[in-house]
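These are my notebook entries on a single model. I looked up helix packing, a few individual residues and the pocket lining, in that order.

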Amino acid sequence: MTYTRDQLITALTAEYEYLCHDDYDPDVDMSPAEHLSYLQSLSLDDLIADTDTDAEFTLDDFMTRYL
């Protein structure tokens with residue numbers, strides 16, 4: 001399946017919010033706005049790489065979980 005840049009940014013933002021929900025450290029972690037700005041600066045290929053998907057946990061799995 002093909003995903004748009006906006007869909008990838010939305011899913012990566014949801015993942016970040018999930019990961020930071022119980023363990024956010026403002027001294028180490030980017031704020032949600034900073035993280036969104038970071039994601040918006042990435043190319044489509046970089047966004048896909050940022051999902052850390054592979055043959056076992058596919059991009060489709062990631063998108064199903066966070067989109």
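Entry 1, helix α4. I looked up what covers the buried residues of α4 and found that the cover includes α1 and α3. The model is a predicted one: local features need pLDDT of at least 70, side-chain atom pairs count only at pLDDT 80 or more, and totals for chains, interfaces and linings use all residues. Residues are numbered from 1 along each chain as its sequence is written, and side-chain values use heavy atoms, with hydrogens and water left out. Helices are DSSP runs (H or I, at least four residues), numbered from the N terminus. I took buried as under 20% relative accessible area, exposed as over 50%, and partly exposed as in between (1.4 Å probe, protein chains only).

The buried residues that I listed in α4 are Leu59, Phe62, Met63 and Tyr66. They lie on the same side of α4, because they cover an arc of only 95 degrees around the axis; the arc is that of the directions from the helix axis to the C-beta atoms. On the face turned away from that buried side I noted the exposed residues Thr64 and Arg65.

I recorded 0% relative accessibility for Leu47, so it counts as buried. For contact I required heavy atoms within 4.5 Å. Leaving aside neighbours within four places in sequence, Leu47 is in contact with Arg5, Leu8, Ile9, Leu12, Leu39 and Leu42. I also checked Leu47 against Glu17: they are 30 residues apart in sequence, and their C-alpha atoms are 16 Å apart in space.

Thr13 sits in helix α1 and is classed as buried because its relative accessibility is 19%. Not counting residues up to four places away in sequence, Thr13 touches Leu36 and Leu39. Thr2, in the segment before α1, is exposed, because its relative accessibility is 72%. Between the C-alpha atoms of Thr2 and Ala14, twelve residues apart along the chain, I found a separation of 19 Å.

Entry 4, the loop between α3 and α4. I placed Thr51 in this loop, which runs between α3 (44–50) and α4 (59–66). Thr51 is buried, because its relative accessibility is 3%. Its side chain reaches the backbone oxygen of Ile48 at 2.5 Å. Residues up to four places away in sequence not counted, Thr51 touches Leu8, Leu12, Leu59 and Phe62. Asp52 lies in the loop between α3 and α4 as well. Asp52 counts as exposed because its relative accessibility is 63%, and its phi is near 55 degrees, a positive value in a residue other than glycine.

A pocket is an open set of points on a 1 Å grid over the protein atoms alone, where a 1.4 Å probe fits, with protein on both sides within 12 Å along at least five of seven lines; lining residues have an atom within 4 Å of a point. I noted a volume of about 160 Å³ for the largest pocket. Its lining consists of Leu12, Glu15, Tyr16, Leu19, Cys20, Met30, His35, Tyr38, Asp50, Thr51 and Asp52. The elements that give two or more residues to this lining are α1 (5–20) and α2 (32–40). The largest share, five residues, comes from α1.

Note on methods
Grid points are joined across faces, edges and corners, and a volume is the space filled by probe spheres set on the points. A polar contact is a pair of N or O atoms within 3.5 Å; within protein, one must be able to donate a hydrogen and the other to accept it, and residues adjacent in sequence count only if both atoms are side-chain atoms.
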